[in-house]
Amino acid sequence: MKVYNTLTRSKEEFKPLQPDNVRFYTCGPTVYNFAHIGNFRAYVFEDILRRTLRHAGYNVTQVMNLTDVDDKTIRMANEEKVPLKTFTQTYIDAFFKDAAALNIEPAEVYPAATDHVPEMITIIQSLLDKGLAYTADDGSVYFKVAAWPAYGRLARIDRSELVSGARVAQDEYAKEHVGDFALWKGWDDADGDVFWDAPWGRGRPGWHIECSAMSTKYLGNTFDIHTGGIDNLFPHHENEIAQTEGATGEEFVRYWMHCAHLQVNGTKMSKSLGNFYTLRDLIEQGWQGREIRYVLIGGQYRQPLNFTFAALEAARAALIRVDSFVDRLNELAANVVPGLLPLWAEEGSAAFDAAIFDDLNTPEALAALYGIIAKGNNAMQEGKLAAPEAAAVLDLLRRLDKVLGVIFFGRQTGVDIPAEVQQMADDRALARQNKNWGESDRLRDAIAAAGWEIRDSKEGQKLTPRS
RNA sequence: GGUGCGAUGGCCGAGUGGCUAGGCAGAGGUCUGCAAAACCUCGAACAGCGGUUCAAUUCCGCUUCGCACCUCCA
């Protein structure tokens with residue numbers, strides 16, 4: 001398996017530190033709002049990574065943090081006059097619901113920042129002890145970038161150029177250098193009752209420190225992979241490395257992986273442009289989670305992805321075709337014991353693995369899936385697919401979908417058809433026997449109105465729910 | 001201003017120094033009472049301008065456009 005490592009800016013063979021268990025940390029949501037589809041691109045990418053590692057035979061230990069204390073959460077909780085925990089819980093719940101809708105597998109641990117302040121204090125104290133951090137007049141603690149020569153290695157940023165950073169508010173901070181960043185923020189009035197007591201004073205953690213504390217706590221001082229959106233590359237991940245390696249004296253992360261941003265109609269998603277979508281917006285519009293997931297995996301994770309409604313339509317049509325193939329296989333395979341895979345399916349499986357193990361090339365992997373579908377349909381058309389082979393292909397699809405997570409397998413004919421729909425279908429069969437085509441077409445429309453699709457085939461009528 | 005990424009057929013999106021994915025949409029055909037599905041066939045692209053090369057969509061340079069980061073946005 002190869003992955004692109006931001007640290008080296010190249011694709012590398014992936015080798016975990018422990019041969020049978022991959023430990024990785026994925027930057028999770030800041031819970032001050034409903035996550036939008038751009039956020040979910042990152043989480044779906046991380047899910048594909050997780051599933052691919054398992055596909056490769058590894059056990060995984062994934063940690064995803066929940067950032068439940070920061071400037072925004074505090075400000076908005078205060079505005080709504082509710083305790084911080086109450087405020088963030090709404091969005092934590094929403095996040096898990098949305099993630100489930102996208103068929104994102106749960107991580108092993110979801111640590112919340114507010115539950116790990118003592119661990120953060122330990123790291124900060126260690127940095128203070130080593131002279132890598134200092135306290136400021138306002139009670140804040142800053143990391144001293146000048147004392148850490150390796151700073152900038154990940155983002156390839158020259159410290160000396162930070163001075164001219166566009167967004168630096170020169171006099172806003174009580175720090176020695178603009179490049180220095182907050183490990184701890186001294187308490188002020190706006191924080192209200194959100195504070196913790198540390199040896200150097202009352203306050204709250206800086207943004208980056210939580211990831212250092214929680215990743216090392218659950219994964220060890222050195223672990224395999226750390227992921228996030230490309231925007232986290234700097235300063236977040238750069239700072240994480242500095243403060244973590246500064247405190248532990250050990251290598252922090254071996255592979256850094258970053259996913260590119262999602263665009264909407266070719267431009268940045270923003271509320272003012274009216275192209276800002278949360279997952280629930282799309283679901284309310286009638287789109288399925290898996291259709292959205294399909295669009296998100298339709299591009300390689302390191303490339304910018306253009307999200308459009310035309311792409312959602314295409315996803316829907318494509319998935320219906322995949323489902324139809326599964327239905328056909330199900331009918332043919334019935335309850336037969338799986339036999340050997342046909343050669344074309346073996347080849348498709350190999351092509352799939354080659355693609356997904358090449359830095360998670362999901363578009364190529366999907367192409368391999370469509371290769372299998374085309375060949376399989378062709379074989380069935382020709383009557384050349386035996387039942388045990390069909391069952392074997394079905395098993396293969398299940399394996400591939402363990403990675404992709406977009407195929408419906410449960411949609412079999414004859415399952416859970418409402419009585420009135422079945423009645424209409426029976427009436428239609430009768431009408432067809434009598435060649436009463438007008439009645440037949442009328443009933444087909446009525447069945448469609450009830451949410452089902454009826455198709456005529458050699459074996460008779462087939463009912464499928466309209467997805 | 002600095003740094004980095006990108007521009008592929010109607011749309012979405014892989015990939016490659018010569019053989020050049022895939023999906024959706026479209027066209028024709030088979031099947032069907034009609035339809036749907038499926039199958040067969042088809043057309044269509046590598047932003048622009050230079051350069052390197054026997055050969056460039058692929059490598060290099062420039063231009064244009066888009067995106068990202070440059071202290072808290074995945």
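**View 1. A sheet of four strands.** Here four strands form an open sheet in the order E4-E3-E10-E11, with parallel pairing. At the edges stand E4 (59-64) and E11 (253-259), each with a single partner strand, so one side of each has no neighbour in the sheet. On average, neighbouring strands are turned by 20° against each other, direction ignored. Strands here are DSSP runs of E with at least two residues, helices are runs of H or I with at least four, and both are numbered from the N terminus; two strands pair if DSSP finds at least two bridges between them.

This is a predicted model, where local features need pLDDT of at least 70 and side-chain atom pairs count only at pLDDT 80 or more, while totals for chains, interfaces and linings use all residues. Residues are numbered from 1 along each chain as its sequence is written, and chains are lettered from A and ligands numbered from 1 in the order in which they are written.

**View 2. Strands E3 and E10 side by side.** Three bridges join E3 (residues 21-26) to E10 (residues 223-229) in the parallel sense. Look for tyrosine 25, whose bridge partner in E10 is histidine 226.

**View 3. A helix across the sheet.** Helix H5 (residues 209-219) lies across E3, E4 and E10 and runs at about 155° to E4. Angles run from 0 to 180 degrees between N-to-C directions, with axes fitted to C-alpha atoms, for helices over the stretch in contact; contact means C-beta atoms, placed from the backbone, within 7 Å.

Note on methods:
Two residues are in contact if their C-beta atoms, placed from the backbone, lie within 7 Å.
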